[in-house]
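Please look at how two protein chains meet in the structure shown here. The report is written for a reader who has not seen it before.

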Amino acid sequence: MAQDVESGGQTLLDVRGLRASVAGLEILKGVDLTVKTGEVHAIMGPNGSGKSTLANVLAGKPDYQVTSGQVLYQGADLLSMEPEIRARLGVFLAFQYPVELPGVRAWQFLKAAVDAQREHAGEEELSARAFDRMLKEKVELVEIDPELVKRAVNEGFSGGEKKRNEILQMAVLQPKLAILDETDSGLDIDALRIVADGVNKLRNSSNAVVLVTHYQRILNYITPDQVHVLIDGRIVRSGGPELAHELEERGYDWIKEAVDAGV
Amino acid sequence: MTQTSMKLQTYRTGFDALLQEAEATDPQWLTDLRREAWSRFNKLGFPTARRGNEKWKYTSVRPLAAANFDSPLVINPPENINVADLRRVAPWNDAWTNLVFLDGHFAGYLSNLSNLENGAGQITVTNLADAIASGNPDVQSQLAKHADTDDDGFTALNTAFLRDGAFVNIPAGRIADAPVHLIFATTGQFEHAASYPRTLLLAGANSRVTVLESYVSLAQAPYFTNAVTEIVLEDGAQVEHYRLLLESADAFHVGTSRVHQSKDSTISSASFAKGAAMARQDVQVILDAPGASCSLNGLYMTSGEQHIDNLINIDHAKPYTKSRLFYKGILDGKSKAVFGGTVLVRKDAQKTDAQQTDKNLLLSRQAEVDSKPSLLIYADDVQCAHGATAGHIDKDTLFYMQSRGLDRETASRILIHAFASQIIDTVELEPLRDYLDDLFLAAIPTASLEFGSR
């Protein structure tokens, strides 16, 4: 695996020339992105730029067709893997719109997910008691209402509760690559802080976070190493955290204009 | 001979033989009841008409009518069955009061009535033939008073051929501690057999009882079960009732349940259906006094070419009555489910509170649901709601679960199980709940499920 001298992290995700379409319409028009362990990348862009498509393609949503390009995850061909295999190998997508699972208890769902992950890694199944203990720790870590875990997954949850529940799932599954698809949207400032705190607590030198967002706001709580601007299916600018501030002040139009002008 | 009566010739021969055999022992009232029911059936026949036949609009009884099932004219049930055989096909619990019927006849050697108290004015749980033979006045006064034969050929046929079944009588104020389990098993020892189980449950004022009816098969064979159950709740009676339809995949089953409720009485009834080639469950509840309430839950699971038809009518005859109807179906293969029935709110039934829901999960593109519950409201101050849905497992839901590491098969099983659990979890009798959970979980198909969008 490639070593990077500068950050000391290993290349976790390497996206090269990725093009993808949905229902015959091309959304991603050649995306390149390299993410190393220990890093946080923010993917920003206006509505319809392809941010969510990128997140969903990486997680393996079947609605999207990859037409060309390559994605290496830990050096392996990610795009050839079923979504559940990606998940078991440590790819996690926090959904923009988490799905309700009527009647499926959170406990049961998370236990099944952890079991699948451990089985894939050749590890023994966690006992119900050990899982219980672990879940309790994670509930405390991400400051989620313990009652939510006793209910059916996302069923009747508020928007904020659903987003927090995604972070709980992330905490339980301990992904290597966490992709947060507009997790900040629709959250009030307190919920945003709790979600951001959760992400910060879960960050370490061996994992990485890709934050897909429309707004700079969440980046006040989670400091990115790199900010990428995605417009019309391409990453048109990359930079440090200061790029996000610039976008917050000036919007996206100036970049669009600069790109159109070929600057 | 008209065409109709020719078709019914097998049944006529059987009926004549039965009359001859039973005449010596039947009390006069029963002979009269039989003859009247037969003449009714002879007139009505099977409801095979395709036009103007609203009650059977989506279910054809032609294959059943054409099959000419004979009722075995046996006086004694087979003696080569044991409890272990029954345990394989039905829930069994030694702590329950178990009455076993084989091919429609009481099998005392498999039954245990020892969990009952004895003595006058006490709880009666016995087989109907014995109750009739002993001249029980309650049987004479209540039997066939609630299951009307006027426009119902199947009830008429059951009444004409009535031989045995169960009689449960809980006197006023008494509580039956042990659940009463009625097991109606078809042995497969008689070819093309028809059986006519009959159950009469009388729950006296402020009494309490739990009753299970299980319709099961010990063999893979075509046969016909035509069951009628009458349940009468006096003021303040509380009945917990379960009906398990676990017939052979080649069987025909028509089950008719008639419930009559008095003031402040409560019935909670749950139906679980998995078996039969063609099944019809026709339930009618009459809420005939203020404070009467019923809760009817149901779960059906079909595959292959199975067909199940639930017709549930609730009659809010008086004010301040409440009904809750919640059925769910899981359909695979080319199976078909029909859900119909009306919640009727009569003119003086003010303050009626009624809810009617049928939800279906389709596991294949070929499975079909005709769900048409209806409300008929003549009162103006009521709270009523109804709804029916049918859909496939949602592919976005599946992707969400896959993105957490679950393969499609595991994810589907979890979703289907959760769907079924909503009904199974309403079962208060714990051993039964566990049994049903295992039964339905094991029946979830594992291969080639088809999915759809919301």
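Predicted model: local features only at pLDDT ≥ 70, side-chain atom pairs only at ≥ 80, totals over all residues.

Residues are numbered from 1 along each chain as its sequence is written, chains are lettered from A and ligands numbered from 1 in the order in which they are written, and side-chain values use heavy atoms, with hydrogens and water left out.

**The interface**

Chain B brings 18 residues into contact with 33 residues of chain A, where contact means heavy atoms within 4.5 Å. The area buried between chain B and chain A is about 1900 Å², with 65% of it given by carbon and sulfur atoms; buried area is the accessible area (1.4 Å probe) that two parts lose on being put together, summed over both. Within chain B, the residues that lose the most area to chain A are B:Phe399, B:Tyr400 and B:Arg404, together 41% of what that side buries.

Across this interface of chain B and chain A there are four salt bridges, a salt bridge being a side-chain nitrogen of Lys or Arg within 4 Å of a carboxyl oxygen of Asp or Glu. Over all chains, the count of salt bridges by this rule is 36. Two of the bridges that link chain A and chain B are listed here.

| Salt bridge | N to O distance |
|---|---|
| B:Arg404 and A:Glu166 | 2.7 Å |
| A:Lys61 and B:Asp396 | 3.8 Å |

Helices (H or I, at least four residues) and strands (E, at least two) are DSSP runs, numbered from the N terminus.

**The helix pair α9(B) and α10(B)**

The helices α9(B) and α10(B) pack at an angle of about 115°, and their axes are 9 Å apart; axes are lines fitted to C-alpha atoms, for helices over the stretch in contact, and angles run from 0 to 180 degrees between N-to-C directions. Among the residues that meet are B:Leu398 and B:Met401 in α9(B) and B:Ala411 and B:Ile414 in α10(B).

**A residue in a strand**

B:Lys336 belongs to strand β17 (residues 336–340) of chain B. Not counting residues up to four places away in sequence, B:Lys336 touches several residues, including B:Tyr58, B:Glu368 and B:Asp370.
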